[in-house]
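The entries follow in the order in which I made them.

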Amino acid sequence: MVTVDSPTRAVVTSRPSRPSRRTPPDDIPLSGRERKAVRTARLLLWPALAVLLLVTQVPFVVTLVLSFQEWNLLKPGERGFVGFDNYVAVLAQGEFVSSLFSTVLIVGASAALSLLLGLGLALLLDRKFRLQGLARTLLITPFLMMPAASALIWKWSMLDANNGMVNWFLSLLGAGPVSWNTDLPVLTVIIIVTWQYTPFMMLILLAGLQSQSPEVLEAASVDGAGPVRTFISMTLPHLRQYVELAVLLGVILMLQVFDPIAIVTRGTGGTKTLPYLLYERAFIGLDIGEAAAYGVLSVIVTIVVATIALRLLFKIFKAEGVVR
Amino acid sequence: MKTEGQHMQRNSTGSVTRSAGIGIAIVLSATALTSCAGAGGGGSAGGDRTTLTIATVNTPQMSDMQELAPKFEEAHPDIKLNFIQMSESDLRDAVTADIATQGGKYDVLTIGSYEVPIWGANGWLTDLSGPASESAGYDVDDIMAPIRESVTVDDKMYAAPFYGESSFLMYNKEILDAAGFTVPEHPTWDEVAEMARAVDDDDHVGICLRGKPGWGEGIVPLTTMAQTFGGGWYDMDWKAGLNAAPFVEATQFYTDLIKDAGEDDPVSFGFTECLNLFTQGKAAFWYDATSAAGPVESPEQSQIAGKVGFAHAPVRDTAESGWLWSWNLAIPASSKKQDAAWTFMEWATGKEYITLVGEEFGWSRVPPGTRESTYEIPEYREEASSFADLTHDIILAVNPKQPGVNPQPWVGVQYVTIPEFQDLGNQVSQQLAEVYAGRKTVEEALDAAQQLAEKAAPTDK
């Protein structure tokens, strides 16, 4: 029964009895047909969800099982369940902690640097000038290159101690030749990764800059705010969500970076990140059990870090629409 | 007045379900059709031609073989060759993982004299003694004795050597003549170090020595140096000797020589990088593999062709100190293409192939160090006159059972023929890279290496 309170509102005063199962959202009551439609919709999602679960979780479960086994490919006869021995070996004698530190250092520095450079480039691109399209295409190109190709170019053409362009340029300025790989391996990897990911950051931040409403900016300049003040008080807060998105996606991609380390430094000098360490244990050490233990530990660390970051720091997933 | 929920009733009652059902049917039939098409296509691709997938290493000799593949395919139209070239480390990783898991990805493997005895003993490789002795004109005994020994276990030959090498000292005659030095035929390390330090200047370094991490890269020349200084990885009781006095002395000598007269950025320098540096005339000495002689003396590949001198590997306490290495072709025991694989290998490691390379590309590009007959070909002796006899003598002089001063319980010069050595050598070479970069002292690195070696020592041998 419906009573009309005002011309624009209908208040439902009596509700049909419902089963005790609560279906969200609770404040919109659904009739029998609508509930059936919702159930059908959910049922249709199940195949996709099942495939997703299978493809992502089954390998993880297999890795988990392997991590409790002793399996070295070079000793195929000795396989067996060994409980937590692999984990003890990894944490006590392995290079897990130093590798974690290297990963944090390289990924953190690359993300920060590429973010700053990307912001600078995005600001430069956020205006109309002749050949803007060409400039944008050229600036995006590093991100489109295959990581192995870019690592090789940096190793042989740019950072080579004898023939590299960087050392040639430094010699013009009077600085001596720098042995990039031997003396500064971490910086070498950071340079290569930053070069490849700056366009990625630039694109996201450019989208953020171009989504600023021009009326608001005009209002700011009418009120007497100069370009710097506008940037600090209006643009940066607006970009916060975009920065968060760029950092989140960028870090996810950078964590998997493998080519510069495999091609240039081969894991020496503090550049043995988690992916490279895992690769070494699995393919050079040929110890599947130990590598699986490393893998599981990496997942645990990632979940912890991601949870902290997403729940406490990032607002991007909390509010809908742009946060003012 | 309609509430929100009633909007869903705009269509007739079961239409959501019905359109969903139609959608599922379309998707399922599309999937079924695609899989049928896939199966049909797969069936017809078999045919008569066998495709051999060959895993090879990215050396100049292997690149030449790839270029000559069409000649083989012409003579054997039922076999198609598919080469997959990788760097040494990548090749090892890929092939080891494949054969240990019996993946079956490769039909012919390029493996070194390190892997052959271990994998042969594991039963992972096909015994080739039968096919080799039955093939007319293959002439197994033509293969040089130390090379043949290194791929034979219990009289079974598990691989066909494609090329063999030892190591020697190469030097730029122009630079050394200008400085007034004569390099003796059997130099000592002290002599070489003195000369290298004297000629080192801004235009060229004194000596190029490998420093790249990897068990087949930087520690190879260092191990031979340690052995001629009286040290070794293990003694007869499998006690590790990495932080014993001779090994420490050799490592300190090597590190100091690189620092004083060696290349900048030693951690980047492996065989290829030193080859580049030396052939550009930017290094006076280069201690490395005998197989570098071909590229170094070839006018298309080297700026100093014709100006290179060769000497035996420098020694201290032994008569010789060259290493021994061969790249070999082998067939996985589980392969289903044994006959086709052997047909290819017979061609690639036979006498006619050597002549083919010589005629097509020039005699200095012939794969050296496997067959005695190569060193008797007049054209080869002429073009490779500066290094052919030397290489031949050096390889025959290697004693892989006791290359150093002290006896050792394995057969192998610059590696320890245990499966753990890949991992051990790799980790030790990474420690040494820290030394070349100045981040660790020799003692610190070798103490860490000693611990690793003790852990890897076989306990049941």
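Are α8(B) and α10(B) roughly parallel or roughly antiparallel to each other? I kept in mind that the model is predicted.

**Entry 1: a helix pair in chain B**

I looked up helix α8 (residues 189–199) and helix α10 (residues 245–261) of chain B, and their axes come within 9 Å and cross at roughly 20°. Angles under 35 degrees count as roughly parallel, and α8(B) and α10(B) are therefore roughly parallel to each other. I noted the crossing of α8(B) and α10(B) as left-handed.

Next I listed the residues in the contact. From α8(B) they are B:Trp189, B:Ala193, B:Ala196 and B:Arg197, and they meet B:Phe253, B:Leu257, B:Asp260 and B:Ala261 of α10(B). I sorted the residues of this contact into six nonpolar, no polar and two charged.

**Entry 2: a helix pair in chain A**

I then turned to helix α3 (residues 96–125) and helix α10 (residues 227–255) of chain A, with axes that come within 10 Å and cross at roughly 140°. That angle makes α3(A) oblique to α10(A). The crossing of α3(A) with α10(A) is right-handed.

On the α3(A) side I found A:Thr103, A:Val107, A:Ser110, A:Ala111, A:Ser114 and A:Leu115. The α10(A) side gives A:Val243, A:Ala246, A:Val247, A:Gly250, A:Val251, A:Met254 and A:Leu255. I sorted the residues of the contact of α3(A) with α10(A) into nine nonpolar, four polar and no charged.

**Entry 3: chain A against chain B**

How many residues of chain A are in contact with chain B? I noted 29 residues of chain A, in contact with 33 residues of chain B. On the chain A side, the elements that give two or more residues are α1 (32–67), α7 (180–183) and α12 (274–284). The largest share comes from α1(A), with five residues. I recorded the side of chain A that touches chain B as 15 nonpolar, 10 polar and four charged residues.

**Entry 4: B:Leu324**

Last, I looked up B:Leu324, in the loop between β10 (308–312) and β11 (325–330) of chain B. Is B:Leu324 buried or exposed? The cut-off for buried is 20 or more other C-beta atoms within 10 Å, and B:Leu324 counts as buried because it has 26 C-beta neighbours inside 10 Å.

Leaving out residues up to four places away in sequence, I found that B:Leu324 touches B:Ser113, B:Pro146, B:Ser150, B:Ser166, B:Val398, B:Pro400 and B:Val413. I also noted B:Leu396, 72 residues from B:Leu324 along the chain, with 9.8 Å between the two C-alpha atoms.

Methods
Residues numbered from 1 in each chain as written. Chains lettered and ligands numbered in written order. Predicted model: local features only at pLDDT ≥ 70, side-chain atom pairs only at ≥ 80, totals over all residues. Contact = placed C-beta atoms within 7 Å. Helix = DSSP H or I, 4+ residues; strand = E, 2+ residues; numbered from the N terminus. Nonpolar A, V, L, I, M, F, W, Y, C, P; charged D, E, K, R; others polar. Axes fitted to C-alpha atoms, helices over the stretch in contact; angles between N-to-C directions. Parallel < 35°, antiparallel > 145°, perpendicular 65-115°, else oblique. Left-handed = near helix turned anticlockwise from the far one by under 90°. Buried ≥ 20, exposed ≤ 12 C-beta atoms within 10 Å, placed from the backbone.
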